[in-house]
Amino acid sequence: MARAYADRSRFVGTVSGLVKEMRPWQWYKQGILLLGLVFSRSLFDPVAVTNVAVGIVAFCAVAGATYIGNDIADLEEDRNHPRKKHRPIASGQVPVSVAVAFAVLLFVGGLGLSWFLGPLFLLVVCTYLAQNALYSALLKDIVIVDVMVIAIGFVLRAVAGVVAIDVYLSPWLVVCTFLGALMLALGKRRHEMTVSDDPAASRATLAEYTEETLDQLLVVVLAALLVSYSLYTFFRGGLWMMSTLPFAFFAAFRYHFLAHTRNLGGDPKFLFGDPPFFVNLVLWGLLVVAVLYGVPARLVEVIA
């Protein structure tokens, strides 16, 4: 009885450890795949929704395999780190052999789902994997390049969402996604620099960045993002889409404010806990969907 209980506890611990290794709290990043679905006016197309959902699962799987692979590669380093030593693989909660098998399963499953969505989607996923491998092996230690590569990863997700439903890839989607992700990446670097007593010990590039440099870059990127989104509403979105500009400006300014006053730039998911930011984001999303799907125009026709 005691042995059976111990085996069951060990099994539960291993499973929970594997789930933690997949970093489910990072899955919100795959929401970028929804951009193509929304802006192509395919949100109510069941086939398109299904394809994007499969694409999100595929990205979660390959990202999970990547996380596990990185933790196995950094095993000895993590065991000597005050915080990372508690990760399931580093702590021994998940045996390395089990982690390897699970990573292979995730990798194969993710690539299989990607192939199901078509060779082009598979190509985007493979490019994403190659980008991650280059980042982990080399690019993460090169100033400026490190944050740009992170932003490119988000662009690849946005492109994947478009490819999954076979619609036109708007350059505005690429530009705005890149600048938005770059803003968040710079905010994260600034957060890491301000909260750590020895920033360079946790990330090599922080030895070369300065707060002043990051602040200047953040303002430049924020301005470029707002100009790009404004131009999109002027030339592609139409008159009604311009009504979303106040919400976009508030979101960017609020992020800048929170990054500087409350140190919330470390992880974008914490922004959702800020009521003004979250409410504004919901309102912006609802308004965008309403405009793209013709709700304001229909209301005007009814009133007229």
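Residues are numbered from 1 along each chain as its sequence is written, and side-chain values rest on heavy atoms, with hydrogens and water left out. In this predicted model, local features require a pLDDT of at least 70 and side-chain atom pairs count only at pLDDT 80 or more, whereas totals for chains, interfaces and linings use all residues.

The protein chain contains 14 helices and zero strands; helices (H or I, at least four residues) and strands (E, at least two) are DSSP runs, numbered from the N terminus. Of the 304 residues of the protein chain, 42% are buried, where buried means under 20% relative accessible area, exposed over 50% and partly exposed in between (1.4 Å probe, protein chains only). Among contacts (heavy atoms within 4.5 Å) between residues at least 6 apart in sequence, 68% join residues at least 24 apart.

An unreviewed UniProt entry lists residues 50-68, 113-130, 142-163, 169-186, 213-232 and 277-295 under "transmembrane region"; the positions are given in the numbering used here, feature names are shortened, and annotations may be inferred rather than shown by experiment. In the model, the span 113-130 is 89% helix and 0% strand, with its end C-alpha atoms 18 Å apart. For residues 142-163, the corresponding values are 86% helix and 0% strand, and the end C-alpha atoms lie 30 Å apart.

The second largest pocket has a volume of about 1,600 Å³. On a 1 Å grid over the protein atoms alone, a pocket is an open set of points where a 1.4 Å probe fits, with protein on both sides within 12 Å along at least five of seven lines; lining residues have an atom within 4 Å of a point. Grid points are joined across faces, edges and corners, and the volume is the space filled by probe spheres set on the points. The lining comprises 47 residues, of which Ile32, Leu35, Phe39, Leu281 and Trp284 lie nearest the pocket centre. At least two lining residues each are supplied by helices H2 (34-39), H8 (145-165), H9 (171-195), H11 (211-237), H12 (245-261) and H13 (275-292), and the largest share, nine residues, comes from H13. By class, the lining divides into 35 nonpolar, nine polar and three charged residues; Ala, Val, Leu, Ile, Met, Phe, Trp, Tyr, Cys and Pro count as nonpolar, Asp, Glu, Lys and Arg as charged, and the others, Gly among them, as polar. Because domain 1 (1-169) and domain 2 (170-303) both contribute lining residues, the second largest pocket lies between them; the domain bounds come from an automatic or database domain assignment.

Helix H8 also contains Gly161, which is buried at 0% relative accessibility. Leaving aside neighbours within four places in sequence, Gly161 is in contact with Leu33 and Val52. Gly161 and Asn51 are 110 residues apart in sequence, yet their C-alpha atoms are 8.7 Å apart.

Ile144 lies in the loop between helix H7 (119-137) and H8 and is partly exposed, with a relative accessible area of 33%. Asp166 is located in the loop between H8 and H9 and is exposed, at 70% relative accessibility. Glu77, in helix H4 (residues 75-79), is likewise exposed, with a relative accessible area of 57%. The C-alpha atoms of Glu77 and Ala90 lie 8.9 Å apart, with a separation of 13 residues in sequence.
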